[in-house]
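Please look through the sequence and the model that follow before reading on.

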Amino acid sequence: MPKRLSNPEIAGIFEKMSRVLALKGKDRFRILAYQKAAQSIRDLEQDLTDIAGAGKLEEIPGIGKDLAGKIEEALQTGHILSCERECRNVPDSLLTLFEVRGLGPKTIALFHKHYHVEDVNDLKTLLASGKLQKKTGFGEKKLAGLSEAVDSWTAARQRMLLGLVLPTAESLLKQIRRLPSVQRAELAGSLRRGRETVGDVDLLVCSASPSQALQETSKLPAVTRVLAIGPTKASLLLNDLQVDVRAIPPESYGAALQYFTGSKTHNTHLRAMARQCGLKLNEYGVFRGSRRLGGAEEEDVYRVLRMPWIAPELREDRGEIEAAQKSALPDLVELKDIRGDLHAHTTYSDGRSTASEMVERAASLGYEYIALSDHSPSERVARGLDLDRLAKKIAELHRIQKERSARGPRILLGTEVDILPDGRLDYPDEVLANFDVVIAAVHGNFKQTSAEMTKRVVRALENPYVNVLAHPTGRLIDKRPPIEFDFERAVFAAKQAGVALEIDGSPWRLDLNDILARAAHERGALLAVTADAHSTSQLSFMRFGVTQARRAWISEREIVNTWPWPKLQSWLTARRPHRARMAKAAS
């Protein structure tokens, strides 16, 4: 019987095809078709087998008759022969070069053909050899940038994005909690603290029979390989993800959970406090001499040290222990506090779900409002909206809202409008007046000087129609560095103008990061936590934005999309000199 391919595996085949075709200089539209298909499959909430069984493969965005046939072949045989033939003789290691910032298919092909580069190590050797210094198009600045990109790629391979690891880890956790020998189980380490990248996964189980619990865990279907297993610890592989499972007796479970959650600096600080009190603190409990004062519950550790429990997201030794001692810990925002999302894309630009589908999904999440904020015209790759398509979108949103009658959510007309190099916006003010929500974003010309970029961002913030500054630093984690600008000046300008700074929940962005979000919050700026969703499934990215906000010590009241609609509406319209006209005409 052929191996049944999963959604991620089929998406991986299509992604590989797009890279091989690009490397061979094949038709651009064919390359883009495979890329779009791969992304659509990754975003699916249903299994491809179920969709194929219902005869609905061609209803997936970007999947036509040809690609639907290839998916059917993959599901039935475990292979796509035409893809295997195309990819034959192209090393997988060569294709990983596409992940190195600044390397395109033509450059990769050049390195492969003339310098026999087949992986990142070969590229490192080539860069160190000095051979490229005499090659046209490879100046000193470009070579330095390539070396930096290779170093970033190497570092990134040692850690993975929170949003990509967490669903897999949570799925395993759910299976473990069903095991007969397991009383309790929880994720630990940097994953529990919500760090934007993680190395491997730490998971704790509470059991009166630790060895039995580990044996049962190692036999779960998700486990692809057992690296090591002993009486209290097992190291397992879930495909490429390593999971270290520790089995803890009930009397020490809380102390172990605190210890293995970390961070190292937080734990070191707590142990120093314990020693000053004549206590010993470790993963087995809190002790005075040989007497255990606590350890069954995580709260015991903090209680014995005379402080309240500290949320895992705060445990980075950034003042949280001192705040706890003063009973001054913030009341952190929770996912349930979010009333709506102000940044979501549809098929009108580069989204993969229709406006109706996005609204329906927002309703299922219990949102009071959802802003459908598609791109402006300058984002041609993202199919930004010109005025004709904008008018069609306005008319459709009015129709959807009317059909839903009194049912929520309230549909807001939004835009993610480009901030042009001189700070002007991609739509004129008379067009911006039609939007309920205007999100301004830098999407290009990233290499302006710090002074130029600061002037550009501040000018945009001063526009009376702007409500939110999207992904303010423009970074893509481990792929594109933050833009250089005067962050303090931008925060001041945002505060003065009443513009919210975004915490973008996309796992690839998480921008603002926790450090900058906390700095903005401490300076009195408003924040907006969004999913930056490009499909219905990505609306769940809100959870990662909320986690980032919690790491930044932010409470509900500082986040504009925790506000009820009347308060939000008042803020959205506070600075606007006149109301919209196109929207009224469309209704």
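Against which strands do the buried residues of α24 pack? In this predicted model, helix α24 spans residues 565–573, and W565, L568, W571 and L572 are buried in it. These four cover an arc of only 130° around the axis, which places them on the same side of α24. An α-helix has 3.6 residues a turn, so residues three or four places apart point the same way. The partners of the buried residues of α24 are β11 (340–344), β12 (369–375) and β13 (410–418), together with β14 (437–441), β15 (468–469) and β16 (500–504).

Taken as a whole, the protein contains 25 helices and 17 strands. Its radius of gyration is 26 Å, which agrees with the value near 25 Å that a compact globule of 587 residues would have, and its C-alpha atoms fill a box of roughly 75 × 60 × 60 Å along the principal axes. Of the 587 residues, 53% count as buried, while the exposed surface comes to about 27,100 Å², with carbon and sulfur atoms supplying 50% of it. When contacts between residues at least 6 apart in sequence are considered, 69% of them join residues at least 24 apart.

G505 is buried, with a relative accessible area of 0%, and, leaving aside neighbours within four places in sequence, it is in contact with L510, T530, A531, F541, F544 and G545. Its C-alpha atom is 16 Å from that of R518, a residue 13 places away in sequence. S506 has its place in the loop between β16 and α22 as well, and at 9% relative accessibility S506 counts as buried, the cut-off being under 20%. With neighbours within four places again set aside, S506 is in contact with A531 and F541.

L510, one of the contacts of G505, is likewise placed in the loop between β16 and α22. L510 is buried, with a relative accessible area of 2%, and it has a positive phi of about 40° although it is not a glycine. Most residues other than glycine have a negative phi, and most peptide bonds are trans. N445, in the loop between β14 and α20 (450–461), also has a positive phi, near 55°, but N445 is partly exposed, with a relative accessible area of 48%.

Two peptide bonds can be considered next. The bond from G262 to S263 is cis, with omega near 0°, and S263 is located in the loop between α13 (253–261) and α14 (264–276). A cis peptide bond also joins G408 and P409, where omega is about -5°; P409 lies in the loop between α18 (387–404) and β13, and β13 is one of the strands against which the buried residues of α24 pack.

Finally, F98 is found in the loop between α6 (92–95) and α7 (105–115). Beyond neighbours within four places in sequence, F98 is in contact with R19, A22, L23, L103, P105 and I108. F98 and L23 are 75 residues apart along the chain, yet their C-alpha atoms are separated by 9.5 Å.

Conventions:
Residues are numbered from 1 along each chain as its sequence is written. This is a predicted model: local features need pLDDT of at least 70, side-chain atom pairs count only at pLDDT 80 or more; totals for chains, interfaces and linings use all residues. Side-chain values use heavy atoms; hydrogens and water are left out. Helices (H or I, at least four residues) and strands (E, at least two) are DSSP runs, numbered from the N terminus. The radius of gyration is taken over C-alpha atoms; the globule rule is 2.2 Å times the number of residues to the power 0.38. Buried means under 20% relative accessible area, exposed over 50%, partly exposed in between (1.4 Å probe, protein chains only). Contact means heavy atoms within 4.5 Å. Accessible areas come from the Shrake-Rupley method with a 1.4 Å probe; for residues, only the protein chains shown count as cover. The arc is that of the directions from the helix axis to the C-beta atoms.
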